[in-house]
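Me: I would like to go through this structure with you. Could you take me through it step by step?

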Amino acid sequence: MLIYARILGETSPGAFNLSASDATVGQLLDQVRAARAGSGRSLELMIDGAEPGRRLADLGVHDFDLVNIRASGQPGPASHSAAVAEASQIVDFEAIAVTPQAGARRLSEYEEVTQLTQWHAPFHIDGGRPSQKIWSDENSVLRSRNWDTYRSPDKLYYRTYTAQQARAERAVSTAFRFAEEAGQLSEVDPARVDQMRQLVGPLQYPDWGLCVVHQNVTRFAMSSWIAGAASFMMFDELRHAQLYGRLALAYSAHHDGFDDPRPTWMDAARFQPTRRLTEELLAVLDWGQATIVASLLVEPAITSTAQSLLMAGSVTAGDPLTQFVCQSIAEDKARHRHSATEFLKMVSDDPSFADANRGHIAGWVADWGPRAIDAARALSNRNEAAERALGDAMAASAEILEAAGINAESISQTELGASPR
Amino acid sequence: MKPVEQYQRLTHSLHWDPTYVPESAYIPEEWRTACTMPDWKAFNDPFQILFEDYVRIQAEKEDKFHAVRDAGARFGHIGRVDPRWVEAMKSFNTALTYSEYYNYRGHARVARFAPAPSIRIASMVQAMDERRHTEAAVFQARDYAKHHKSGFILPQDRIAFFERHWYFQGDRSFFEDLITTDPIEAIIGTNLVFETAFTNLLFIAAPAAGVANGDFGFGQAHMTIQSDETRHMALGQAVARAMLQNSANLELIQDWVDKWFWRCHRLLLAVVGPVLDYFPKVKPTSYKEAFRRYVVEDFIQGYVSELSQFGLKPPRHLDQALVELEHGSHTIWRDLYATRGSLWFDVHQPTVEDIEWLNEKYPSFDATHGDFWRDVAAGADVQADTLPMVCDICHFPCTFPEPKTAVALPVDFDGTRYWFCSEGCKWIFEREPNKYRRQIAPSALLLADKDAAWVAQFLNITPDGRPLGGTHAPEGYFPAMPVPVTF
């Protein structure tokens, strides 16, 4: 029975844990007297009829109630309670300290700023509703014995990420400036301009979709390691969407039809499977599923196809800028796939949940893989080079998945051509 | 194309309304805001920044921050920071590291579920900023650990302490509340109330105290953090204004301002109050003065007054906050002093000079708190020998405004009795009792019958600041996770 009590006008309420559920007034006052503020004093529970032998419950005092006590006389010499006496014992810290494992090493800067910044259950807030849970296993069907074992191969953290991307953006901006100053895009082959008109603006949308997907992962991932990698993917995808947009704006300075890509994205037949796929991915709130599907199926399929279409022949058509920008984007995307591959390895090798995790992932591959391929093929508009690039990307994803023990036939056995290996 | 149009083309226009999945699948009802706006797409974030500019500006800030760190290490500044200030940083840095981390994850949530494309972009950028602030706090901890003789330890060695010690439960509960709110409430709570009104206490008043005590790195770090905060404040103010232009939102916005004002007041009074009033040897400003300047004059008399044209009123518990202001930091320092045996930072007995300063800044100090410190000076044992009643909202002890007149207000909900330290916390509970159902047993039950060694292992840090490297917990309670020890 937990009773809160305070000596009126002297102390703030303290907690007194009475072992008996039918505790008496006397037992409570004995505990209060054992504490310093009540020591050696005459104490009186300020409830009518509060005789020492009366049960607190009979006086209407129940678990978690607060009672006021009147104290007279000065506190006596310190006569601490048994609990305090015990607390003041000297603890042999050497005896209870955990000996570090042999070979313990200094943490890297990546580890120092990423490790254990996400705190653990039980949480103070859990309203029972999904939106009122802090971090919960329920936000993904994937399970891990220890989510903190994830490490991103790029080992990026904010300091290195911003430095790296500031360098990348400086390079890209220089390319944009050179192209503008040289009037490069005014001289581009008209057929190429037409192709870009159909493609480059709308391509900002799938990457914005990926950005939103990674926002979700960043919120719900179960460790600071995973959230860290996801947040850099999230921000990179904003970069990519803006780079496609900047390419469209650069073309619009010299050519008509680049101002508003939305109608093409919303209505053009070649984009509709990609839009459907992206929207369906946006509706996946399972952060583990979103990570696997986005980075190992949807993104490789769409990016490989899109970049093949954008880059093939761009230099010879008078547009080296697009080639340069796409390569910069491709470097980020490769980093994302590596990060996702490490995540895949972690969950598919988990000592407790490997089989169940592999089962879920195999289901996602069978479901999403063919649709990702179909969407990318529609985007390619039967362009052979783009389909080969798609085939290469899917073969690479299949290899990653199969190495993790996942059946990836649905993406490895397709009619797609592939580059000779 | 004008820069504004170009910005919108590269940010807001990235969003489209899905047609292949229903909006309820894209943003389920559970996650949507209760606010309404005729056209969310018409909202413009005021501090527009593209990826290209963001990484350039932030990389420059990082360079400056790390240059000051390097200089501090190379020329020995860090080692010469006044020891009392470093004890402040042990407390402050523990709270700040995880708070910033929560804000990072919380703003990713706002980015995902906010209704306006521009809010989503701005919140994503803010999430990145908060990630930066987390790292800055860790780097600072690392500098103290490496270059100061105070026995500083890194966050990964003190996470269990943060998760379990009573003093940090207020911080935990605050940010857990924030990360589980309506997305617009998160903007009002964080960007408008916390960052516009209160972070000046954290990032201007506290760094001024740091610099006065030789901690130039802290000053520099928080100067760059405050420049991020400026962006966040602009978003909060713009969102509040836009929401209030629709009178249907007034009641909600008022409630959120009231709620987060009180939550911020309670948290900062307890955590930043001692950082300004007690820890530093040289004290440039009192918590009360800083609160009056930044919260009352700048925020309430300035910004909230300006919004009164839309019907917004000053926070409903402002008067109680002002009453508590006279006593709060003294009360919490007494509580910390009485439990200093479980803390890894030093909570000192105020010196004669400290007492003189406290009397000057807080005229009622001597009448209310003077006897306590005179007893301590006379050799009285004031070590806490009972566990306190803890507020079910803010999770600080029910000890405010000061122990003799401590407020404790009950509410019975669903067969359970809850207790609150103030009208403000009680009001917050009564608005959403389901959200604040008690999840963790009071420490009086949790720690019943546990010996000192058990408690030490539970907290995982010895009072002299050594991580024990392992931990344990009640069955089914905190995970018995291995906590690394950094060497």
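Me: What helices and strands does chain B have?
Reply: Chain B contains 19 helices and three strands; helices (H or I, at least four residues) and strands (E, at least two) are DSSP runs, numbered from the N terminus. This is a predicted model, in which local features need pLDDT of at least 70, side-chain atom pairs count only at pLDDT 80 or more, and totals for chains, interfaces and linings use all residues. Residues are numbered from 1 along each chain as its sequence is written, while chains are lettered from A and ligands numbered from 1 in the order in which they are written.

Me: And how many of the residues of chain B count as buried?
Reply: Of its 487 residues, 56% are buried, that is, 20 or more other C-beta atoms, placed from the backbone, lie within 10 Å of their own.

Me: New topic: how many residues of chain B are in contact with chain A?
Reply: There are 91, and they meet 87 residues of chain A; contact requires C-beta atoms, placed from the backbone, within 7 Å.

Me: Which helix gives the most to that side of chain B?
Reply: Helix H5 (residues 117-147) of chain B does, with nine residues.

Me: Which strands of the two chains are joined by bridges?
Reply: Strand E2 (residues 14-17) of chain A and strand E1 (residues 387-388) of chain B run antiparallel and are joined by two bridges; strands pair if DSSP finds at least two bridges between them.

Me: What is the partner of Ala15(A) there?
Reply: Its bridge partner in E1(B) is Leu387(B).

Key. A residue is buried if 20 or more other C-beta atoms lie within 10 Å of its own, exposed if 12 or fewer, and partly exposed in between; C-beta atoms are placed from the backbone. Two residues are in contact if their C-beta atoms, placed from the backbone, lie within 7 Å.
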